[in-house]
Amino acid sequence: MSEKEHRAYHSDQPVVDPMVAQQAELLANVEILIFIYPTWLFGMPAIMKGWFDRVLVPSVAFELHPSTGKIEPQLRHVRHLISITTSKSAWWQNWAFGNAGRWCVGRTLRFLVHPRARHTWLCLDRIDKGNENRCRAFLEKVERKVTSRK
Amino acid sequence: MTQRHLGNHCLVVHAHPVSESFNTALRNSVVEGLLAAGNQVCSVDLYAEGFEPVLSDQEWTSQLGLPSTRPDLTKHVEHLRWCNHLVLIYPTWWSSTPAMLKGWFDQIWVNDALSTHPSATVNIPSRLDNVERLSVVTTHGSGLIRNYLQGFGGKRMILRGLRSLCSRQCRTDWIAMYHLDTSTLRQRTRFMKRVQSRLTP
């Protein structure tokens, strides 16, 4: 998020970059939101976190009530959140070290989408030890999980 | 970069886009406090120096094999290896660090900072044994309950994840302010004093 964007955050026009406006437009009528990224240093890569910081601003993801400052969600049309990620660590390491990406989507963004929306977490751990069969099995799992919700 | 002899080697990493923000004021007060307590302080302002948080295709490929050859990153790696007290100051956005700071983790806390012989097969690389204290100073727009429900992703990532890469005896501090958006000047001043007293007892 740039200085200009941060200054505009609480104004009437929080979206200043046309690229961000385009992303916000895409977000306006989706039902399924899928995030695909590698897990680096216990969380999502900076470019993905930047998408959260810059695109999910007031008027796109939520509105702040002018007097109470209460958050009013604007993404109620999203009914399914899916995170697909790969990690070098084992599942228990991801669990022990926090898994920031999982919380970012599954809990934080979860507040702004449909109240009964689901979050599906698909993580292929120990990616560097993964043989071809394991990767293929994961791909099949992803395909099954993604299509079964339609 | 400001330095003074004696005391701890403190690296203060700050990520906030606006120079007259409360976050930047916090950084200034932390740096002053640490210097006054007789520490050596190195202050890094990621926004001010125009740090590039996005890892390019080429860098990612080289990261798996050889240490990065980008000269601007070498300086950051040296700072990280030099310090024994790391202080991170940032606003919490989306229950985690700003992308700018995450980019600093992604690019600096990798092979060349953590080990001289990187190997893609090592899950957790060798430690940054020099880092004996890890302090986080952060501000939240929302309240404690909401952040609790949101799972404290950033707190987990740093105090558990990055902590696991520091010295085994590494101490941690989590100094957080909530409801910044609706805070009064008195509350902010009090928080600033609290930060000072925690970091420089």
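Which residue stands opposite Thr138(B) of E4(B)?

Analyst: Tyr90(B) stands opposite Thr138(B) in E4(B). First, some ground rules. This is a predicted model: local features need pLDDT of at least 70, side-chain atom pairs count only at pLDDT 80 or more, and totals for chains, interfaces and linings use all residues. Residues are numbered from 1 along each chain as its sequence is written, while chains are lettered from A and ligands numbered from 1 in the order in which they are written.

Now take the strand E3(B), residues 85–91. Helices (H or I, at least four residues) and strands (E, at least two) are DSSP runs, numbered from the N terminus. Seven of the seven residues of E3(B) are buried, so the strand is largely enclosed by the rest of the structure. A residue is buried if 20 or more other C-beta atoms lie within 10 Å of its own, exposed if 12 or fewer, and partly exposed in between; the C-beta atoms are placed from the backbone.

Look at both faces of E3(B). His85(B), Val87(B), Ile89(B) and Pro91(B) point one way. Leu86(B), Leu88(B) and Tyr90(B) point the other way. All of them are buried.

Next come the neighbouring strands. Two strands pair if DSSP finds at least two bridges between them. Strand E1(B), residues 9–14, is joined to E3(B) by five bridges, and the two run parallel. Here Val12(B) has Val87(B) as its bridge partner. Strand E4(B), residues 133–139, is joined to E3(B) by seven bridges, again in parallel.

A helix packs here too. H1(B) covers residues 22–36. Its 15 residues reach 21 Å from first C-alpha to last, close to the 21 Å expected at 1.5 Å a residue. That expected span is 1.5 Å times one less than the number of residues. Buried in H1(B) are Asn23(B), Leu26(B), Arg27(B), Val30(B), Val31(B), Gly33(B) and Leu34(B). They cover an arc of only 165 degrees around the axis, which puts them on the same side of H1(B). The arc is that of the directions from the helix axis to the C-beta atoms. An α-helix has 3.6 residues a turn, so residues three or four places apart point the same way.

What does the buried side of H1(B) pack against? The buried residues pack against E1, E2 (40–45), E3, E4 and helix H8 (185–199) of chain B. Packing here rests on contact: two residues are in contact if their C-beta atoms, placed from the backbone, lie within 7 Å. Just after H1(B), Gly38(B) takes a positive phi of about 85 degrees.
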